[in-house]
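Reader: I am new to this structure. Please walk me through it in short steps.

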Amino acid sequence: MNHRLKALVVSSLAVSLAAGCSNSAGTQQPAASGGSEAKKGPTPITIMANLHTAEVPNPEIEKMIEEKTGTDLTLQWVPDGNYDEKLNAAFATGTLPQAVFLRNQTSLITFRDAFRNNQFWEIGPYLKDYPNLKNLDSKILNNMSVDGKVYSLYQERPWSRQGVIYRKDWADALGLAAPKTVDDLFKMAKAFTENDPDKNGKKDTMGITDRNDLVYGAFKTVSSYFGTPNNWGVKDGAIYPEFEDPAYLETMKWFQQLFKDGAINKDFPVTSKSDQQNLFTTGKAGIYIGSLPDVLTLHQKLSAVNKDAVLDVANHIEGPKGPGIWALPGFGSGVIFPKSAVKTEAELKDILAYFDKLMDPETANLLFYGQEGKHYTIKDGKALLTDDVKLWERDVKPYQALQVGGESTIKMLTSGFTLPVRTKAEEQVKDNEKFLIHDPTLPLDSKTYTEKGARLQEIIKDASYKFMLGSIDEAGFQKEVERWKKEGGAKIIEEFTASYKAVNQK
């Protein structure tokens, strides 16, 4: 079998649909799992996966995975930029392959009606029959569920990577300890702005660098420090939006004061991520609030400008309600199984057996890190990736899109780092799990939210930035909240609350 021909990038709709029909499940042998008859040869499986790199991967690892799992894979690599387009087109024409990876959480939501209409296999009842799949986290499966039913396996992601990255050399120069509270963080931002932390005799530094993103920028993380719900809260059995919580208002006031004091970049509502990071890595700002693992990239870029710069990380920042950090759903992607391609329960069991074998530690390591000695080495029980980044990205990185489960459910290797602060960041990512704030609506449904939620959120985003910049007051912000409700928000609250009650009455 020519593996290079099998690993086609789907560049046009015609190719996508043709590939979706190839290697039909009709040739499947009886399932080997659950006491079925043994198959005479490898199980053929067609898979659609997201390609995050410029080129399809070297097929060497694919061959090794096939050997370890007893399968004959046909991988349809679809570039990330038009993945949803290809996925929706293949779904509409009934030409999806047997296993379909979703691009993200939003993609999962768009298929909810299809799940309810019995167009995909409900896999929840089968998981207990597999030695590895049965270990998947019930909390994450619940976050992916529809009406309490599980249709998708998941790719594990950390619950929360968020925290504070700051210039320790600046803090040391000003006699500041690591921030432990929102007040400490504010004082550090002010000091970095006003007290010449780089000791160049000029007032040319600022505290926080932020960007035009209320979620993955600084705002949502600081908001969770104040105790704001994660997108939605629950009070007296009813769902309510985060921006109606008093802690959300307190967070906006905190940022408004930073803005007035010049302790944050003045144009943060329109600043890109690259420009935000550039302010930090060129020595103009001393605090970056976002993904803690970003400390590695920030260190590398900053060191090229100032080899004496020292970075540190902090989490567990306490607000009025104690520590808290907003949580992601625990998964980055999922894989679903269309009944148009998987015709029988026996075929489904064969495919699930393949994904179960992917969770064997040796296979999981191969999928995630590559080949030992070539793509990574082991030091102190940790996997250290090769310095040849291009080799690893070409050979290994694409295959991570095929992962199921993760470190918490598989006894696989964990990543090691040569930079101590990057190791510390990883430790704090784990520590975040002790005080997570979850989104209660993840397993819930609101038709209006699916249709209008993104557009309506722009009303709140614009109003939040206007408040932080001082162009509207509390009354002006509340006026925009009422507008949000009138244009569909009230219906979303009603539908989420009804779904919440229905799910929790079961």
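Reader: At what angle do the axes of helix 10 and helix 11 cross?

Author: Take helix 10 (residues 219–226) and helix 11 (residues 246–260); their axes come within 9 Å. Helices here are DSSP runs of H or I, at least four residues, and strands are runs of E, at least two, numbered from the N terminus. Axes are lines fitted to C-alpha atoms, for helices over the stretch in contact, and angles run from 0 to 180 degrees between N-to-C directions. The two axes cross at roughly 125 degrees.

Reader: Is helix 10 parallel or oblique to helix 11?

Author: Angles under 35 degrees count as roughly parallel, over 145 as roughly antiparallel, 65 to 115 as roughly perpendicular and the rest as oblique. The crossing is at roughly 125 degrees. Helix 10 is therefore oblique to helix 11.

Reader: Which residues of helix 10 and helix 11 make the contact?

Author: Contact means heavy atoms within 4.5 Å. From helix 11 come Ala247, Tyr248, Glu250, Thr251, Met252, Trp254 and Phe255. From helix 10 come Phe219, Val222, Ser223 and Phe226.

Reader: How far can the model be trusted, and what is its mean pLDDT?

Author: This is a predicted model, where local features need pLDDT of at least 70 and side-chain atom pairs count only at 80 or more, while totals for chains, interfaces and linings use all residues. Residues are numbered from 1 along each chain as its sequence is written, and side-chain values use heavy atoms, without hydrogens and water. pLDDT is the predictor's confidence in each residue, from 0 to 100, and 92% of the residues reach 70 or more. The mean is 91.

Reader: In what order do the four strands form an open sheet?

Author: Two strands pair if DSSP finds at least two bridges between them. Strand 7 (206–209) and strand 11 (311–314) are the edge strands, each pairing on one side only. Strand 6 (residues 162–167) and strand 10 (residues 285–291) pair in the antiparallel sense over five bridges. The pairing in the sheet is mixed, and the order is 7-10-6-11.

Reader: Which helix lies across strand 6, strand 10 and strand 11?

Author: The helix covers residues 295–305. Against strand 11, its angle is about 160 degrees. The name is helix 13.
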